[in-house]
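This report describes how two protein chains are built and how they are arranged. Look at the sequence and the structure first, then read on.

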2 protein chains.
Amino acid sequence: MDETLEAEIAKRLKRDEAGLVAAIIQQHDTAEVLMLGWMDDEALRRTLTQGRVTFWSRSRQEYWRKGDTSGHIQIVKSVALDCDGDALLIGVAQTGAACHTGTRSCFDGGLIL
Amino acid sequence: MDETLEAEIAKRLKRDEAGLVAAIIQQHDTAEVLMLGWMDDEALRRTLTQGRVTFWSRSRQEYWRKGDTSGHIQIVKSVALDCDGDALLIGVAQTGAACHTGTRSCFDGGLIL
């Protein structure tokens with residue numbers, strides 16, 4: 001298994017000042033948007049090679065494989081990079097709640113319009 | 001019409017070093033994710049009050065109301081803020097292609113897994 005992100009993918013990424021791209025997590029069969037997380041090259045490499053979604057936590061400054069603590073894992077079904085390389089759309093099979101508050105989506109209850 | 005973003009909303013935003021939050025754009029009736037853009041407080045205020053989506057362009061460093069040049073406008077149907085305030089999910093009615101490359105979604109053709 002490769003230990004670095006494929007060069008062809010890495011060169012397409014447009015990272016922010018912190019070296020991160022945004023990762024939209026979408027339930028693969030219902031198209032519900034569950035959450036948005038952040039990935040550096042290594043988090044993306046792990047996500048592409050392990051079949052489970054790994055993020056970089058901006059608040060805790062550490063890697064975070066979704067579900068390792070909560071059991072609410074995300075099985076990777078597809079990964080797409082957008083046209084300008086600063087966002088990923090990741091289709092997953094989500095177990096249980098995606099949100100740490102216990103709701104299915106991190107956007108549930110957050111309507112402002 | 002208010003000239004500043006409502007204080008109650010503004011205090012919930014967790015902005016990055018550039019003062020931005022991520023905005024996921026989703027076709028409201030099909031749930032297709034069309035693109036991801038960036039918003040500062042003013043772009044969000046305009047989006048909430050004008051019924052059209054306005055972004056902050058990180059590359060051009062200017063406001064950008066989607067469709068003003070291309071005609072591919074986004075009519076705002078809903079806006080939700082996530083649990084930790086660093087991402088918006090915006091339901092829209094998209095006219096034509098969301099992507100500047102001419103594809104419906106900025107993720108079309110970008111599959112890496």
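This is a predicted model: local features need pLDDT of at least 70, side-chain atom pairs count only at pLDDT 80 or more; totals for chains, interfaces and linings use all residues.

## Two copies and their axis

Residues are numbered from 1 along each chain as its sequence is written, chains are lettered from A and ligands numbered from 1 in the order in which they are written, and side-chain values use heavy atoms, with hydrogens and water left out.

## The sheet of chain A

In chain A, four strands make an open sheet with mixed pairing, in the order β2-β1-β6-β5. Strands β2 and β5 of chain A are at the edges with a single partner strand each, so one side of each has no neighbour in the sheet. On average, neighbouring strands of this sheet are turned by 25 degrees against each other, direction ignored. Strands (E, at least two residues) and helices (H or I, at least four) are DSSP runs, numbered from the N terminus, and two strands pair if DSSP finds at least two bridges between them.

β1(A) and β6(A) run parallel and are joined by six bridges. In this region, A:Ala22 stands opposite A:Ala87 of β6(A). The pairing of β5(A) with β6(A) is antiparallel and has seven bridges; A:Ser78 has A:Gly91 in β6(A) as its bridge partner. The hairpin of β5(A) and β6(A) has five residues between the strands, and A:Gly85 there takes a positive phi near 75 degrees.

Is A:Gln26 buried or exposed? A:Gln26, which is found in strand β1 (residues 21-27) of chain A, counts as buried because its relative accessibility is 12%. Buried means under 20% relative accessible area, exposed over 50% and partly exposed in between (1.4 Å probe, protein chains only).

Leaving aside neighbours within four places in sequence, A:Gln26 is in contact with residues of both chains, among them A:Val33, A:Ile90, B:Ala31 and B:Val33. Contact means heavy atoms within 4.5 Å.

## Helix α2 of chain A

Helix α2 covers residues 41-50 of chain A, and its buried residues are A:Ala43, A:Leu44, A:Arg45, A:Thr47 and A:Leu48. They pack against α1 (7-10) and several strands of chain A, including β3 (54-57) and β4 (62-65). α2(A) lies across β2, β5 and β6 of chain A and runs at about 125 degrees to β2(A). Axes are lines fitted to C-alpha atoms, for helices over the stretch in contact, and angles run from 0 to 180 degrees between N-to-C directions. Just after α2(A) comes A:Gly51, with a positive phi of about 80 degrees.

## The sheet of chain B

Chain B has an open sheet of four strands in the order β2-β1-β6-β5, with mixed pairing. Strands β1 (residues 21-27) and β6 (residues 87-94) of chain B pair in the parallel sense over six bridges. B:Ala23 is opposite B:Leu88 in β6(B).
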